[in-house]
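This report describes the fold, the disulfide and a few selected residues of one protein model. The sequence and structure are shown first.

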Amino acid sequence: IRSLPREAKLAYACNTADEIAFWDAQLLGIDARTGRRIVPMCFQADFFGQAMGDPTSANIASPLFRWAPQRGLYPEPDAEPSSASVAAFLKEHGIDYIYVDAKHPNSLVPGAVPISTSGRTQLLRLP
């Protein structure tokens, strides 16, 4: 990842309960260690209810998610945007790479090309 161009951004597929805020991604450590922005691609469920002692629901969007550009692709927790629409979104936002590991398989753009593999982790480039 460090050998990618300085302005390179990566995306990864996540699950609805994986992320708290789109700007503070679960894989933020990649950003911190490499200086390459990593963007979660999924619906982001509300977690505030849990903090207040209320039951949580994966069907309610986090209030913070309203500002996420990804919301257009993932308006509901069961949204399954086409790979063409995801690829167009990524390109529009200057994201050329996809990070893949055992927890984050590539469900974004199946035609993405592997450029690096280490064990069960891959770095893919959009076609």
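**Basis of the model**

The model is predicted: local features need pLDDT of at least 70, side-chain atom pairs count only at pLDDT 80 or more, and totals for chains, interfaces and linings use all residues. Residues are numbered from 1 along each chain as its sequence is written, and side-chain values use heavy atoms, with hydrogens and water left out.

**Overall architecture**

The protein chain has three helices and five strands; helices (H or I, at least four residues) and strands (E, at least two) are DSSP runs, numbered from the N terminus. Read from the N terminus, the order of elements is β-α-β-α-α-β-β-β. The radius of gyration of the protein chain is 15 Å, close to the 14 Å that the globule rule gives for 127 residues, so the chain is as compact as a globular protein of that length. That radius is taken over C-alpha atoms, and the globule rule is 2.2 Å times the number of residues to the power 0.38. Along the principal axes, the C-alpha atoms fill a box of roughly 45 × 30 × 25 Å.

Of the 127 residues, 40% are buried; buried means under 20% relative accessible area, exposed over 50%, and partly exposed in between (1.4 Å probe, protein chains only). Among contacts (heavy atoms within 4.5 Å) with a separation of 6 or more, 54% join residues 24 or more positions apart. The protein chain exposes about 7000 Å², of which carbon and sulfur atoms supply 53%; accessible areas come from the Shrake-Rupley method with a 1.4 Å probe, and for residues only the protein chains shown count as cover.

**The disulfide**

There is one disulfide, a term that denotes a pair of cysteine sulfur atoms within 2.5 Å. Cys14 and Cys42 form this disulfide, with their sulfur atoms 2.0 Å apart. The pair links distant parts of the chain, 28 residues apart: Cys14 lies in the loop between strand E1 (9-13) and helix H1 (28-34), and Cys42 in the loop between strand E2 (37-41) and helix H2 (48-51). The torsion about the S-S bond of Cys14 and Cys42 is about -95 degrees, so the disulfide is left-handed. Cys14 counts as buried at 11% relative accessibility, and Cys42 counts as buried at 2%.

**Selected residues**

| Pair | Separation along the chain | C-alpha distance |
|---|---|---|
| Phe48 and Pro63 | 15 residues | 8.7 Å |
| Phe43 and Ala68 | 25 residues | 9.5 Å |
| His93 and Pro69 | 24 residues | 9.1 Å |

Phe43 is placed in the loop between E2 and H2 and is buried, with a relative accessible area of 3%. Leaving aside neighbours within four places in sequence, Phe43 is in contact with residues including Asn15, Thr16, Phe65 and Tyr74.

Phe48 lies in helix H2 and counts as partly exposed at 33% relative accessibility. Not counting residues up to four places away in sequence, Phe48 touches Ser62, Pro63 and Leu64.

His93 is found in the loop between helix H3 (83-92) and strand E3 (97-100). At 27% relative accessibility, His93 counts as partly exposed. Apart from neighbours within four places in sequence, His93 is in contact with Lys9 and Pro69.
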